[in-house]
Every structure is written in C-alpha cells, then in structure tokens.
Amino acid sequence: MALIVQKYGGTSVGNPERIKNVAKRVAKFQAEGHQVVVVVSAMSGETNRLIALAKDISATPDPRELDVVISTGEQVTIGLLCMALKEAGVEARSYTGAQVRILTDSSFTKARILDIDGENMRRDLDAGSVVVVAGFQGVDEQGNITTLGRGGSDTTGVALAAALKADECQIYTDVDGVYTTDPRIVPEARKLDTITFEEMLEMASLGSKVLQIRSVEFAGKYKVKLRVLSSFEDGGEGTLITVEEDKNMEQPIISGIAFNRDEAKITVQGVPDKPGIAYQILGPVADANIDVDMIIQNVSHDGTTDFSFTVNRPDYDKAIKVLEQVKAHTGAREVNGDRTMAKVSIVGVGMRSHPGVASRMFRTLAEEGINIQMISTSEIKISVVIDEKYLELAVRVLHRAFGLDQAPA
C-alpha cells in the first residue's frame, strides 16, 4: 500500500464526463489498497472566465479581491469530483486550500507556500476516504484567501506530497510524459522513461510547458518522486522525475531540446566602457519588472562597447521605451532590437562528462546555414538565440544530430 498524491489539470476535469473518468481512475487506485489525495485545477477555461469577469468590473482589479474570485474555480471542481467519487461508491471529502490550511505569504495572485497542516487529511485517509484538495490556493496568517499564480496546482500537488511524505506525486496532464522535444515539431520525439530534477528544471525554465517550474523546484528541494502521466490513456509508466543516479550519468549525453518562440533581442550601441554601466542599463529595466535572459557585452573599442540582451517578446516595446531614457543619461549612441528571435536549448546531465557537445551543436546549425546570435551555457545546458524563422529546422536537425530519435542502448 502506498500514499499517492494525484494532480489533475484543467483539461483533465474539463467537463462532467472527464470528471467521472478521473473518479474511475482514483477509485481503481483506492481499490488496489492505496491511500489517495487528489489535487485538481479549475475546469479548463474557467480561471480565464473569472479573470475576464473581474476585468469587466475593474481594469486593475484589487489583488486580494481577485484572489477571492479566481479561487472559486477549483472549489467547483473539488465538489463535483467528490460527488462523482461517491456515485462510484468511494467515500471522499473535499477541502479548499483554507480548510486544509495551506499557509502562504500575503503576495496575492502569486503567493508562496510556507506550511501545510496535514492533520485533517491524514485522519480522513486513515478512515478510508479519498481526500480531494483545491489546487492553486491557500490562506495567509490573517485568513485571507491567496492564489499561487498560473500553474499553481502543480505546486500544490508537490507540496502536499512533501508534507504527507507521500510515496509518489503523479501529475496527470494531456500528454503521457516528458518528451525529448515537442512531438508536433519532431514526430520522432521519444517519451523519456526518466529525467533528473536538474534536467526537468532546465527544460521547464527554457520553454517546456509540461510542468510548472516552481513545482519542479519544490519537488527537487524536498526529494518528492514526481511522475508525469496522461489522464486520457490507461496504463503506461509516464516519465519519472527523480534525483540523478550514478549509473545514468554516462548516457544519454543530451536528454531533450527545449525552445521558446517569444524572445526579443535588444542592443544598446556605443555605450561608454566604464564601471557600473551594466547596472545603469539593466537597473531601470529590472525596475520596470522586465526579466532579462541572455546578456552579451562586446570588447571595448575606442572607449565604447555594445551591450546586448534578450527579453520576453511581450516586454519588448516597454523595454525599448525604458532604454530610450537610459540612452540619454548614459551617452549611448543608439538603441535597436529585433523582436523575431527564438531560443533553442539542448539539456542533459551527460554534458558534464562528454566534451565536444557545444561544437557539435554549433556545427550542426552552421551546416544548415543557421546563424547564432547569442550563446548561453550552464553545466547541463547550452542555449542559442537564432532568427525565429529557423526555429523548427534547428530543433529537428539538433534532435537528429544528438540521436534523440533513437532509443538508448
């Protein structure tokens, strides 16, 4: 018998029929002797509908009251799922985040979990009930309802698994695991049986949409065994996300290819090359709440240099406005950019013990006439910024070059 936390996303509970299917799956696990805690999202599209309602009332809704509104989506789902479980002959009890007492800070719309009281859940599990918890939400010290931000139900699931010391946290979604890359771009993409937390963290941060990055960070920190499975297919082992094991260190070299289409590159030209100039440029950008990704500063020539960096494409116009003001007081010659950039990244713990990975990546892209504009590396990742029109070609040729279309020996 195991204690399992299962999380079902919005598409998995998108209508009454799908909620009944989730109930059947949960009932099967309980019949096998497992204790089951289920975390659910709002039905697909519901959170967007609630946000739109709030914005019909106020262009900038009060964050506290917005959390009161958008947290109701999950409350509907937990009630419906418990009804479906009872119809299937399974005793079940629903809890909102406040009823569990998922204690968070008071950062409305993007709260962070501080503590979880597992006493009520354990009592119900010991009595033979399935516990159904609303994802995405909690409560602060003052009793205010808070929400955890987009994708927060994944984080709720992992946090409950950590608090209850569950044997496994299963994330059910509309895909049957983590793939070497997006199968819509590369039909030969393979589902991975296992991937390390480090690799999954890089994949999530670089554009892979399978798991929310905060949930992976949480799972890695508390050593929660995490498995990604399909909520629409029975059977299958999905992908297990776990700590790195020595026997897997030598292979494969690369586990996957992530990409992000929403990149924009900005260059501040003719910047005086002096101490503090990077802060003078990037400080105001940070103050405008704009995230900066890759940064390159060219070699100084005649006392000036060019400073380039990337931002998310939706932030491009805002960043350019900020930098036009920066240009005046730094003495920079010009600010220009290109909003049609994309980032492609190869990820794998095997890079640590295999030289030549970067050169193979660069040669593969060069052979296809793809120009690399920026490069960023870490111990287990190499990212390049290229023209967006070459994105799909780059992903396909790199996938083939690193043998990701072949099953590991």
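This is a guided tour of one protein chain, stop by stop.

**Before you start**

The model is predicted: local features need pLDDT of at least 70, side-chain atom pairs count only at pLDDT 80 or more, and totals for chains, interfaces and linings use all residues. Residues are numbered from 1 along each chain as its sequence is written, and side-chain values use heavy atoms, with hydrogens and water left out.

**Stop 1: the whole chain**

The protein chain holds 13 helices and 18 strands. Both are DSSP runs, numbered from the N terminus: helices are H or I with at least four residues, strands are E with at least two. The radius of gyration is 24 Å, close to the 22 Å that the globule rule gives for 409 residues, so the chain is as compact as a globular protein of that length. That radius is taken over C-alpha atoms, and the rule is 2.2 Å times the number of residues to the power 0.38.

Turn the chain along its principal axes. The C-alpha trace spans about 75 × 55 × 35 Å.

Of the 409 residues, 51% count as buried. Buried means under 20% relative accessible area, exposed over 50%, and partly exposed in between (1.4 Å probe, protein chains only). Look at contacts too, meaning heavy atoms within 4.5 Å. Among contacts between residues at least 6 apart in sequence, 75% join residues at least 24 apart.

**Stop 2: the eight-stranded sheet**

Select the strands S3, S6, S2, S1, S9, S11, S12 and S10. In that order, these eight strands form an open sheet with mixed pairing. The edges are S3 (92-95) and S10 (194-196), each pairing on one side only. From one strand to the next, the twist averages 20 degrees. The axes behind that angle are lines fitted to C-alpha atoms, for helices over the stretch in contact, and angles run from 0 to 180 degrees between N-to-C directions.

Two strands pair here if DSSP finds at least two bridges between them. Strands of a sheet pair through backbone hydrogen bonds, either parallel or antiparallel.

Select residues 3-8 and 168-173. These are S1 and S9, paired in the parallel sense over five bridges. Find Ile-4; its bridge partner in S9 is Glu-168.

**Stop 3: strand S6**

Move to residues 130-134. How many residues of S6 are buried? Five of its five are, and the strand is mostly covered. In a regular strand the side chains alternate between the two faces of the sheet. Show the side chains here. Val-130, Val-132 and Ala-134 lie on one side, Val-131 and Val-133 on the other, and all are buried.

S2 (residues 35-40) runs parallel to S6, joined by four bridges. Val-39 has Val-133 as its bridge partner in S6. S3 also pairs with S6 in the parallel sense, over four bridges. Here Arg-93 has Val-131 as its bridge partner in S6.

**Stop 4: salt bridges**

A salt bridge is a side-chain nitrogen of Lys or Arg within 4 Å of a carboxyl oxygen of Asp or Glu. The whole structure has 16 of them.

Select Glu-237 and Arg-227. Their closest N and O atoms are 3.9 Å apart. Glu-237 lies in the loop between S11 (226-230) and S12 (239-242) and Arg-227 in S11, so the pair ties together parts that are 10 residues apart in sequence. Glu-237 is exposed at 58% relative accessibility, whereas Arg-227 is buried at 13%.

Next, select Glu-263 and Lys-343. Their closest N and O atoms are 3.9 Å apart. The pair links distant parts of the chain, from S13 (residues 256-272) to S16 (residues 334-347), 80 residues apart.

Then go to helix H13 (residues 391-401). Glu-392 and Arg-396 lie there four residues apart, about one turn of the helix. Their side chains meet in a salt bridge (3.8 Å, N to O). Glu-392 is partly exposed at 34% relative accessibility; Arg-396 is partly exposed at 34%.

**Stop 5: Thr-330**

Finish in helix H11 (residues 316-330), where Thr-330 is found. Is Thr-330 buried or exposed? At 5% relative accessibility, Thr-330 counts as buried. Show what surrounds this residue. Leaving aside neighbours within four places in sequence, Thr-330 is in contact with Pro-272, Ile-277 and Gln-280.
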